[in-house]
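Open the model in your viewer and keep the sequence panel beside it. The tour below goes from one selection to the next.

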Amino acid sequence: MKNTFLVMVIMLALVLAGCGGGGSTSRTGAVQGATTISFGDAANDQIIAFEITINAMTLSGSGNPSVLSKATEIELIHNSVTFEPLSIVNVLPGTYTGATLTVSNPQVVVVDPATKAVTKLTATLSSSTVNVPFSPSITIGTGTSVLNFDMDLNSSVTISGTTATVTPAFTVTAASVSAGGEANENEDNGEMEDLRGTVTAVASPNFTIQPAQTSHTISISTDANTKYSDGITGFSGIQTGMIVSVDAITQASGTILARKVESETETANGEEVEGIITSVTCATATGCPGAANKATSVDITTHKVSATSAANAPATAATVNVPITASTSFRIHSNLSGGGFPAFDASTIGKAQRVEVDSEVQSSNTSTSVTATKIKLQEQGLSGTISALSGSDFTLTPDPNSAFVSLTGQTTVAVQAGSARNKGATLANGNVIRVRGLLFFNGTSYTMIASRVAP
C-alpha cells in the first residue's frame, strides 16, 4: 500500500539580536532584525490527524541556542501546503549547520481503506532525538528572515496494520522577509494566515494571543488598515479570553502586523475545534444530506483545539459529535478572492470536509460532543493525479487508499485553480500534485476551489 504524505512545515519566528550573549529568549514584541522559523504539515493521504510533541529544539552554531521555550504539542495535517508559527525567540546572527529536536508522544489517526473505519494507531518513535542537518548551512544575519522546517511524512511514518513507526525526517530552507511588506510576502517568507489562539492581553494598538500550537504568546500589532470581522467591528471588540483568528504579515522590523482579525468566540468561556468530518447523520439515511433531508449532526476527528482553558478542551486526534440545530450558523473561512462560492450549509455538508466548530460553551476533555454556535468550512489539502486539464481547471484523482476515497466513496474531485498560487507544480495530465483549498459537496460530488497547488 502506497502512502502519500504531504509536508509538515515548522513555522518558528526567530528574532535576531545584533550583539551579545549566546542564548535565546522568547519574543513577545517587535525586535529589530527578526528571523521567522516555521513548522507546518502535509499529510499521508490515509492519515487524518498526526500529532507530535516537541520537547526541545536547538540550533547547531553560534552557541547552540535553544529556540523553544517549553514543550509544545503540534498537529500537522491541517497545515497541508502552508505554514504555522511554533516559537519566537532571539538568536545570534551566525552560520548554522543543523538543528536537534527532542520529540515524544506521536499520535496517528487513519481511515482504514479496507474497513473504512477511523482508527487511532499505536504509534511509536524510532528515536526521541531527531538530528536535522542543514544542507547547505544557513546563515542568519541581522535582517528579518524565515527558516522553514519541512517534515516529509511519506518517509517519516511507516504503517503496518494497526501500528505506526515514526522516524521524523526534515528538510530546511531559508527565505528573507521582503522590506516591501504584504505585496511581496507569502507563507514561505513572513505571511501568517489563520493564526489563531486565545487573547491573553489587550493594550491598543496591540494585543497578544496564545495559539494552541505555539510555545508562548505572540504579540500582534494593528493599524488603520486592519480589518475586523465575524463579531468584531474594531479594535475595541477584542477582549481577553476570546479566541480569534489573525491573518498577518511580518514587517521588516520583526513586528507581526494584523491584516485581519476575526472572532471565533465572543465570550471568554468558549472553544474552537477543528477536524475532518468522518460521518454525517440526517433524519433519514436516504439522500443525506440534501435540501429535503438536512444533516442533524456530524462527527469530526479533531486536528487541533483552542480554548480558554486548554486543559479542559477535547483532545487532539479525538472523535467528537457536533449536533446541528436551526441556530447553528454556517460560514466559509478563507482568503480566496472572488466570492461566489458554492453553498455550505446543513444540506451540503459532507464527509471528508475540514471544518472548524466554534462554541460559546466549553466542553470537557472527556466530552464526546461539542455544541456548535458556528461551523466554518476550512481550507485543506488533497493530493492526486491530474486529468481532463482545461486551462487551470482539472479533475484530481486521489489515491484509492486515501482517507478521502475511503470516507466518501468518490474517486475524483473537480478542482478550480484559477486563483491558486502555484508553488512550483507543473499542471499537466498525468502529473501528481498537492492542492490546498476549500472542498465543497453538492450532495452528489465534490469540488475544490484551490488556493495553492504544489508538486
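Buried means under 20% relative accessible area, exposed means over 50%, and partly exposed is in between, using a 1.4 Å probe and protein chains only. This is a predicted model, in which local features need pLDDT of at least 70 and side-chain atom pairs count only at pLDDT 80 or more, while totals for chains, interfaces and linings use all residues. Residues are numbered from 1 along each chain as its sequence is written, and side-chain values use heavy atoms, with hydrogens and water left out.

**Charged pairs**

Select Asp 247 to begin: is this residue buried or exposed? Asp 247 is buried, because its relative accessible area is 4%. A salt bridge here is a side-chain nitrogen of Lys or Arg within 4 Å of a carboxyl oxygen of Asp or Glu. Lys 260 is in strand E19 (residues 256–263) and Asp 247 in strand E18 (residues 243–250), 13 residues apart. Strands (E, at least two residues) and helices (H or I, at least four) are DSSP runs, numbered from the N terminus.

Next select Lys 376 and Glu 356, a salt bridge with its closest N and O atoms 4.0 Å apart. Lys 376 lies in strand E25 (residues 374–377) and Glu 356 in strand E24 (residues 354–359), so this pair ties together parts that are 20 residues apart in sequence. Lys 376 and Glu 356 are buried.

Then go to Arg 196 and Asp 194, whose side chains meet in a salt bridge at 2.3 Å, N to O. Both Arg 196 and Asp 194 are buried. How many salt bridges does the rule give? The count comes to 19.

**Strands**

Select strand E10 (residues 145–152). Six of its eight residues are buried, so E10 is largely enclosed by the rest of the structure. Two strands count as paired if DSSP finds at least two bridges between them. Ser 145 stands opposite Ser 176 in E13.

Move on to an open sheet of three strands, ordered E8-E12-E11, with mixed pairing. Its edge strands are E8 (122–125) and E11 (157–160), each pairing on one side only. E11 and strand E12 (residues 163–166) pair in the antiparallel sense over four bridges, and Ser 160 stands opposite Thr 163 in E12.

**Aromatic rings**

Six aromatic pairs are found in the whole structure. Select Phe 330 and Phe 344, an edge-to-face pair with 5.5 Å centre to centre and 75° between the planes. Rings of Phe, Tyr and Trp (its six-membered ring) pair if their centres lie within 6.5 Å; planes under 30 degrees apart are stacked, over 60 edge-to-face, and the rest tilted. Both Phe 330 and Phe 344 are buried. Another selection is Phe 404, Phe 441 and Tyr 446, which form one aromatic cluster.

**Backbone**

Most residues other than glycine have a negative phi, and most peptide bonds are trans. Select Ser 135 and Pro 136, joined by a cis peptide bond with omega of about 5°; Pro 136 is in strand E9 (residues 129–140). Another cis peptide bond joins Cys 288 and Pro 289, with omega of about -10°.

Finish at Ala 352, which has a positive phi of about 80° although it is not a glycine. Ala 352 lies in the loop between E23 and E24 and counts as buried at 4% relative accessibility.
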